[in-house]
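Hi everyone, thanks for coming.

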Amino acid sequence: MVRTTLSSAEARRVALAAQGFGQSPADTVSTRTLNSGFARLGLLQIDSVNVFERSHYLPLFARLGAYDRSTLDRLTLSKRGPYAEYWAHEAAFIDRGDLPLFRWRMDALRDRDSWPTRIDGVTRTEGVRRELRALLRAEGPMPASAVEHESNVRRGPWWGWSDVKLGLEQMFRWGDVVSAGRSGFERVYALPEQVLPAGTLETAPSRSSAVLELVRRASRALGVGTRADIADYFRLRADDTAAAIAELVAAGELAPVRVEGWDERAWMHADARVPRRMSADALLSPFDPIVWFRRRAERMYGFHYRIEIYTPAPKRVFGYYVLPVLQGDRLVGRIDLKSDRQRGVLRVRTAWQEPGERLEADRLADTLRRTAAWQGLDEVEVTDRGTAAAAVAGALGVPLVPHVAADDADATVALEPAV
């Protein structure tokens, strides 16, 4: 039966089911299961912050349970693995075979970089780019650090890019080079012909065909969403998205639906299901598709979320690396986590219950124990900051530890781009 209306709770359950939540975790997560989970999401956003764990590992753990991270490394970080990188949302791992779907974006970014406001940087690196092509052709794939020189310096606490790094990133945006895995989590660059089948990018679909396919995938991954939701998934233009939605509605792949409490029009994918209940228990990466579009997270879950890693410590409200807590079909809290590997402890530096929500401390304690075990940590420690701290410590059966200034020391860590 085609649904024309959804309650707000049904919309949440549709969205979570489309993202792979609500299934019982397998005892062993195989490579095939990881690939299947990846295919459902379509991409994994990359971020360099690893105070708890790098972001791209977290969405699959949230949905599938504990898995061997080295398996995902072999899939995403090796030179000829099945996944590559591109600006699919932000920097993200995508199926290597999907690179042609972004050929139009590569061309658009090349055009953008020729604008008067940007052309100086392109002109300055012209010679460097020519040398880099010759070097990659002669010596094969390599990271930026293999060809860096003394001009790459830090300016204050932030990262300063040399013309080598800037030139490589320009070429990466345009498709003149592509990713060939990572080395020490640094992107390795290659000429397309060194890692892709011949003609891969030259035989890409037209912009309209590619956008149609990306909208199809985004709407399937979301289950239900507004035009803005669907456009954000692969960072598409609103007009391109609207045209693709109309085509998919005409083909019967999408159907208009009214969602309780939503002011904007929405569409539901034909394959989406409406579970009667949702039994999810997870900690979400700040860059998980459930919350990465902050407007959708607020509209769907009543969850106002701003990551505070770039906020000076005295001005933070919830903590440095705060993860939303998913229980059932609600976002009921948020916690700031750090993996203290020297001590073998998962540190809960802050724990908060969302106003108006019911955070079940016993469920969160179980989730934290599973998370610590997945990280290879023996204990969970809870500091005394946050409205849910005492309840979480009690459920874990551990004493509260005083929150100290050192808990905010990550404010001084220089953040490097995930390239």
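Where pLDDT is low, the predicted coordinates should not be read in detail. For the protein as a whole, the mean pLDDT is 92, and 94% of residues reach 70 or more.

Some housekeeping. This is a predicted model, so local features need pLDDT of at least 70 and side-chain atom pairs count only at pLDDT 80 or more, while totals for chains, interfaces and linings use all residues. Residues are numbered from 1 along each chain as its sequence is written, and side-chain values use heavy atoms, with hydrogens and water left out.

Now to the inside. What do I mean by a nonpolar core? It is a set of buried Ala, Val, Leu, Ile, Met, Phe, Trp, Tyr and Cys residues joined through side-chain atoms within 4.5 Å. Buried means under 20% relative accessible area, exposed means over 50%, and partly exposed lies in between, using a 1.4 Å probe and protein chains only. The largest such core has 104 residues, and those touching the most other members are Tyr67, Tyr233, Phe234, Tyr321, Ile335, Leu337 and Leu368. Which helix gives the most to this core? Helix H10, residues 207-222, with eight residues. Helices here are DSSP runs of H or I with at least four residues, strands are runs of E with at least two, and both are numbered from the N terminus. There is also a second, separate core of 27 residues, including Leu16 and Phe303. In soluble globular proteins, nonpolar side chains tend to be buried together.

H10 brings us to helix H1, residues 8-18. The two pack at an angle of about 115°, with their axes 6 Å apart; axes are lines fitted to C-alpha atoms over the stretch in contact, and angles run from 0 to 180 degrees between N-to-C directions. Val14, Ala15 and Ala18 of H1 meet Arg220, Ala221 and Leu222 of H10. How much of H1 is covered? Nine of its eleven residues are buried, among them Glu10, Arg12 and Arg13 as well as Val14 and Leu16. Just after H1, Gly20 takes a positive phi of about 95°.

Val14 has another partner. Ala272, in the loop between strand S10 (266-269) and S11, touches Val14 and Gly223, leaving out residues up to four places away in sequence. The C-alpha atoms of Ala272 and Val224 are separated by 7.7 Å, although the two are 48 residues apart along the chain.

On to charges. Side chains of opposite charge can pair when their charged atoms come close. The structure holds 38 salt bridges, each one a side-chain nitrogen of Lys or Arg within 4 Å of a carboxyl oxygen of Asp or Glu.

My pick to start with is Arg63 and Asp288, whose side chains meet at 2.8 Å, N to O. Arg63 sits in helix H3 (residues 58-64) and Asp288 in the loop between strand S11 (281-283) and helix H13 (294-301), so this pair links distant parts of the chain, 225 residues apart. Are these two buried or exposed? Arg63 is buried at 7% relative accessible area, and Asp288 is buried at 0%.

Then there is Arg235 with Asp232, closest N and O atoms 3.1 Å apart. Arg235 is partly exposed at 34%, whereas Asp232 is buried at 10%.

Finally, Asp366 pairs with Arg369 at 2.8 Å between the closest N and O atoms. Being three residues apart in helix H14 (residues 361-374), they are separated by about one helical turn. Asp366 is partly exposed at 38%, and Arg369 is partly exposed at 38%. Elsewhere, salt bridges that share partners join Asp98, Glu213, Arg216, Arg217 and Glu253 into one network.

Technical notes:
pLDDT = per-residue confidence, 0-100. Contact = heavy atoms within 4.5 Å.
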